[in-house]
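Here is a short briefing on selected local features. Look over the sequence and the structure before reading the points below.

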Amino acid sequence: MFVSFSMLREAYDDYHRHLHDSKENHTYVQRLKFSSTKSSSGLLGSLTKKKLSLNRPKSEQIFSSGDLNNGCLSWEIVYWKELSVGDIVKVKDKEFIPADLILLKTDNCDGICYIETANLDGETNLKQKQALPVTNDFLVDDVKLMHLKTQIHAESPNGNLYHFEGYLEMGERYPLTASQLLLRGSTLANSGYIIGVATYTGEETKIRMNANEEIRYKSPMVDQTTNKIILAIFCSVLTLAAISTVNMVAWNVSDPWYLRETKNPVTTFFSFVILYNTLIPISLYVTLEMVKLVQIYFINHDLMMYCEASGRCAEANTSSLNEDLGQVQYLFTDKTGTLTENIMIFRKMSSLGLSFSLIDDPKSTLYSEKDFPAKNFIEDIKKLSMEDLSVNFELGVDFLRAIALCHDCSLQKSTEENTLAYQSSSPDEVALVSGAKQLGFTFKSRIVDSVTVEFEGEVGEFKILNILEFSSKRKRMSVIYRFPDGKIILICKGADSVIIDRLDAVFRKQGQSKELFTTSLEHVSRFATEGLRTMLYATKEISETDYEVWSTKYKEAAVSLENRSQLMEALEDEIENDLNFLGATAIEDKLQFQVPETIEKLQRAGIKVWMLTGDKRETAINIGYSCELIKEYSELILFKSCNKEELNTCINNATQTLLDLKTPEQQGILSHPSKHVVAIVDGDSFLVMQQEYIKVVEDVGKSNSSVNKGLLEETLLSKFFRLAVTCSNVICCRFSPSQKSFVVSNVKNMLKKSPDGVIGLYSTPRSFLYSVINVFKMRKVSGVTLAIGDGANDIPMLESAHVGVGITGREGLAASRTSDYAIAQFRFLQPLLFVHGRYSYQRVALFTLGTFYKSVTCYMCQLFFQNWAAWSGTSLFEPWTLSVYNILFSSLPVLVVGMFEKDLNISTLLNVPELYRSGQVNHYYNIPLFIRWVCQGLIHAAIAVIVPFYCYNGGLAYILNGTFLSNRSFGSANNFLQQIFFSDATGKFSESSLISIGTVSYTLVILLVTMKISFLESHNWTIFTFLAAFFSIGGWWLFQAIYSIVWPYLGEFGYDSLGLIFVLGDIQIQIWSISILGSILGLVLIDLNFNVIRDLWVSPWHYVKTDLQRESLKTLLSGNESPKSPYILDDSENENNKKTPLTFLNCSKAARAVCKAWKGEDLTYAAAWFARWESIHNIGPLSPFGLKKKSATIQHHETGNQSCLTKTQD
């Protein structure tokens, strides 16, 4: 039944996908059609057109000419699905591209068109595409299409949206790149029309190949425990079957006369396996999927995660990882666009050894008196050059010209007159070109092979020879121009770590150039310290001979279908050398709203935050201070050497420092550094460690020796990761996308390999036996990693982490569509993790435990009943009634708690992030907790069988006859009690059959399961809770009434249930009395007493399973603080409501009062109290050591079943 529900849901989704696909496939497009005779334009053609006109737009005939051998061309209207490879199509403005097309011609004489790819990557800015000049110039009109003779060689279909390799043969070979490829699903914009040839169609288009790529399956960490539990249950089923078989054999030793034949033990064993196999809840995963669908509905419709600026809500791309959001231990974040707004503003620059600023406001944090105003940059350097001959005016002009030329910006149509609007896929370039315009160099236009720039009223046209595009691997971009004076000039811009290595060695060493370069680097360092993104510009002149040789090689590499990228990169490296330094720019990218507050709460929640960025170290450190990753009291560990020996020494020293800061491990509390330690590593240093590690891995793989495998643990990389995961936070700067992914994968693997999930320098070495035992043991910590980013370069990192969160920012939707969850801003991590993550984890935990419990309660009745059935394997319950137990009578209570359970208010979870730590330590779902639920299920199953057997059928009367129930014992109530306990099955209807007694037990099971799950274990009683209880219990009686009357007449299987409802109705006093008695025994005397005893005997400190300094906190709360302590508790029990110093006794009372309001829930909130006090009192791992204590007042408010903490600064 549950599988059928799942199949129907999938069929519903598939049907809607089919409708969407059908609508898209039946979109119209114009395809070129050639007819060899004129008949197609005669009567037959007329009839065809009339037929088409009923459903499609009319075809557009181009011409009919004798030059075409009496043939004709026309643009016929066809469906997208009718396109084939090689078809020539025409697409008009605002129309969608029907297939992957090679651009042949545009209505622009330059062969340029603009494409909007919002449907592909979410980017709304237009992208420029350009047809090859050879085809665009040849196709002066549509007639030329008949004379076009060309061959296109393309790579095999693949899903890479941003890369294409091929070439076009038309006399000679012309390279084809992504600039000539129009992807299906994109939209033609700001262009009249284009003509292209279909290269990939249908399922072979890049967007479809990308969607159909094999996706790495991610499973939640909770599933690991669930799988262990299911394996244990399966073993238990076999064990119980074996025990029952042994009991059957023992029972039959005396060879009872009333048994016709002795059963075969083997057959009996498998009969018991079938009888007990229902202990394994088959419906668990299907019903859990329904629960998670409701959870993602809450995520997708949460207004707290709605961004007004972008108009986007949170979006869950998967439902399988909801609970992992409540167990995150490590968070890896990108910087640009994730922590920052990705709105670039050109702020400062360095040129001629001087720093210039475009900031006029002295109140700005970036304002500095060291900077010259850049408003009149050209005039100022002209005056300086006249006063000081060492100032090279032409060099300053060349620098601004380089900014205006080295980019891939295009001009967008503006509604305002005489206004130029620039557009680019990178906001950096728009900021730089706009800044150059502000300083005097205006980028005016771009055509096929030239760029026009205006300076001081003069317009210069610069011919583009080659564009060496930017990539995250190259970290630079170059353009080779032929200047108006005929010189060939290469202009290069990029990261300082890349450009410096490519500068001319003589330039860096000679006097004046060396001084200018050194001063500029100091400016760059200062800009980075201020949190600005820096970029260096350099140039060189290339001789005609050198360029011709290089250009020939580059063209050959560009048309190669094998190793094209490698060949082109090698040639690009060859030409981008011996550069002359021009200057540096600095761009501001502000932090997003509430980023520091969010990171501070993440750290309070016990989440270690790693920032992985491509920016330089100084910029990353400055952003680290701004967003609270680095505190004023933090101890920094820098790794900035490319020498193995120096790195090894640095790692060893840092390791010893962390070992000295180790706090003792206590019961339930892991060791941690006693100070806030931040490790900072750059990409070059990490690359050295990577290369050494790869070499050792290769050597170990060749030798395959266990001794050599130990060498992996002694590599620099392994030692670095053990050190890094021990630190409070880590900053990785100058990291490439592959390095980001490598870092996330290694931390994830370390957590996976650790037997208990504890990693780092403070983890305790475990024996092999411990590892074996730990297979059936719960991990100390969850070990869940989360990565968050906004760009396509962050996709490898998002896929490597347990949970990937994409930001729907200004770099498009590439990351958000690949990620598991998408949010608009970094601050939305608070509700996503602290609210939805914690709720989902707790709900899934309670749902799973409740599912196991209800299975044990019902199906273990079969085990206890075998004592009365001679261990024959006879079922206590009627077959159909037993089959629908999980579907009709026990599914609603667990579904409701799985969907709507809520122990704390949202405001409490957001204000007290320490509560999040319960998920990190598996507080709500672990093996001991599962054992407790199973034990309660076994007790309730025993009650459901024993109470009816000893009460209902007179068994108790035999035991207590004449002793317990006498006329003197209860007086006038004696007849009523005797009717209950002394029933001997002699009513109006026969009530001594197996089905009737089984029905009584079944009723008791439903009552126990419903009341326990819906009311005792739930903290949030809603209308759905009562409806679930009503329909579960009431539905059972309704089913019984219909089933016992109707079903026996429809088939032969329900004969034993004939008239059973009348039997139960006639003995209603007995059955309800027994049910109530069983419920009281099962719930009140057992469950509630268990909770009371637990709360009385278990110390609140037992539940503080986070990184708290227990002894220090006890000392603080012991009452030894001075009376002037600022830490006070507003306790209503105090006389006259006076505020007194917080003591351990008062805190315990407060914690117990909170727990009492939540119906005896585990003292998790006490942990939040202690964690919060620790953080405020500056004694914990996240506390500011050595700083002055903050004065604060903590007030405890109780309203109904909700409690919260509020902090008021004095």
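**Helices, a hairpin and a buried histidine**

The buried residues of helix α22 are L716, L717, S718, K719, F720, F721, L723 and A724. The model is predicted.

**Helix α8**
- Helix α8 covers residues 284-300, 17 residues in total.
- From first C-alpha to last, α8 reaches 24 Å, close to the 24 Å expected at 1.5 Å a residue.
- Buried positions in α8 are L284, V286, T287, L288, V291, K292, Q295, I296 and I299.

- Strand β9 spans residues 166-170, and strand β10 spans residues 172-176.
- The two strands pair in the antiparallel sense, over five bridges.
- Y167 has P175 in β10 as its bridge partner.
- One residue separates β9 and β10 in this hairpin.
- G171 sits in the turn, with a positive phi of about 90°.

**H940**
- H940 belongs to helix α33, which runs over residues 927-952.
- Is H940 buried or exposed? H940 is buried, because its relative accessible area is 0%, and the cut-off for buried is under 20%.
- Leaving aside residues up to four places away in sequence, H940 touches Y853, T857, L1008, K1012, G1082, L1083 and D1087.

Note on methods:
Residues numbered from 1 in each chain as written. Predicted model: local features only at pLDDT ≥ 70, side-chain atom pairs only at ≥ 80, totals over all residues. Heavy atoms only, no water. Helix = DSSP H or I, 4+ residues; strand = E, 2+ residues; numbered from the N terminus. Buried < 20%, exposed > 50% of the residue type's maximum accessible area, 1.4 Å probe, protein only. Contact = heavy atoms within 4.5 Å. Pairing = 2+ DSSP bridges. Expected span 1.5 Å × (residues − 1).
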